[in-house]
Amino acid sequence: MKRIAVLTTGGDAPGMNPAIRAVVRYGIVKKLEVMGVFRGWWGLINEELKVLNHRSVSGIISQGGTILKTGRCPEFQTEAGQERAFNTLKKFAIDGLIVIGGNGSFAGAHKFGNKYNVPCIGIAASIDNDINGIDYTIGADTAINTALNAIDNIRDTATSMERIFVVEVMGRDCGFIALAVGLAGGCEDVFIPEKPFDLESSCHDIVHGNMIGKVSWIIVVAEGAGHAEDIARKITEITSLETRAVTLGHIQRGGRPTAFSRDLALNLGKAAVDCLLKGEKDKAVGLSSGKIAVVDFETAIKKKELKVEGLYSLIKTLT
Ligand code: F6P
């Protein structure tokens, strides 16, 4: 193996840059030439790539986002798009591909790699932490801490003004961020896509709490379970209590990666290069049981079961 390429695809996650840094610098140490592909699969289809050197990744360790840019590429879902991507790999004599992204990115790499016999290794990066077989993805810790800072701020005003807040966090299909910040932020309730919730019963608790002197509440909702504005309106309708809605949105995707997200990214970048050098393919690297784990794409792209009950019941017990 002489030349490899690296790309970021899907939603960005804080820590993608440190992962790119590790792939490039460790790759160079291992006598590989490393090419960076811009804008994910789109860049592979449209030949947007260049050789990266040690200097190309200077100063990016602390930056959120990805210097390689990212996006979702419908053209890569087509046979024609995949063929063009493969032609680019052939033209530039690329022997292996490192794909930094989430489960959608891995599903694409799995299909593409097997169809064209291209060694592809994924690096698990997603704020949603929803990759099966992997306990922690790059970016999840940073996103949780960003959301938690916001919730701590909201707590100050909620307590001072004796209000109810509904805070919407990211997670279209997954309640990971909501549960994590619900627990760490001391929130009173959490609504997530994985668990049906009963708004009437939550409102009953709010009214009861209010009668015995509990006057501020924070309810966290994952975007996949509902919208903060709608839920806040319904709470006011049912309880007649003043309720505010906050949608944290994409601020959770940006910002300086935490030490945990960076360290994970640097370790996974190295591990991905090692996998390619060992002749591995069709696999993803991530953190599992405190260690770097190598998981088949086939497993990684399956739906991850979030362990909801233990966390949820702890949140409710400590409320
Ligand atoms: O990266 C994952 C994620 O942040 C989800 O939690 C969210 O629903 C989605 O991406 C948003 O995607 P986009 O930025 O394309 O709207």
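Is L318 buried or exposed? In this predicted model, L318 has a relative accessible area of 62%, and it counts as exposed because this value lies over the 50% cut-off. The residue belongs to helix α11, which spans residues 308-318. L318 also takes part in a nonpolar patch on the surface, together with L183 and L314.

For R72, a polar side-chain atom is found 2.4 Å from an oxygen atom of the ligand. H250 likewise uses its side chain, with an N or O atom 2.8 Å from a ligand oxygen atom. G171 contributes through its backbone, where a polar atom lies 3.1 Å from an oxygen atom of the ligand. On its own the ligand would expose 400 Å², of which the protein buries 80%.

Most residues other than glycine have a negative phi. K69, although not a glycine, has a positive phi of about 65°. This lysine sits in the loop that links β3 (49-52) and α3 (79-91). With a relative accessible area of 43%, K69 is partly exposed, because that value falls between the 20% and 50% cut-offs. D282, also not a glycine, shows a positive phi of about 60°, and its place is in the loop between α9 (259-277) and β10 (283-288).

Technical notes:
Residues are numbered from 1 along each chain as its sequence is written. This is a predicted model: local features need pLDDT of at least 70, side-chain atom pairs count only at pLDDT 80 or more; totals for chains, interfaces and linings use all residues. Side-chain values use heavy atoms; hydrogens and water are left out. Patches are made of residues with over 30% relative accessible area and no salt bridge: like charges are joined within 9 Å, nonpolar side chains (Val, Leu, Ile, Met, Phe, Trp, Tyr) within 5 Å. Accessible areas come from the Shrake-Rupley method with a 1.4 Å probe; for residues, only the protein chains shown count as cover. A salt bridge is a side-chain nitrogen of Lys or Arg within 4 Å of a carboxyl oxygen of Asp or Glu. Helices (H or I, at least four residues) and strands (E, at least two) are DSSP runs, numbered from the N terminus. Buried means under 20% relative accessible area, exposed over 50%, partly exposed in between (1.4 Å probe, protein chains only). A polar contact is a pair of N or O atoms within 3.5 Å; within protein, one must be able to donate a hydrogen and the other to accept it, and residues adjacent in sequence count only if both atoms are side-chain atoms.
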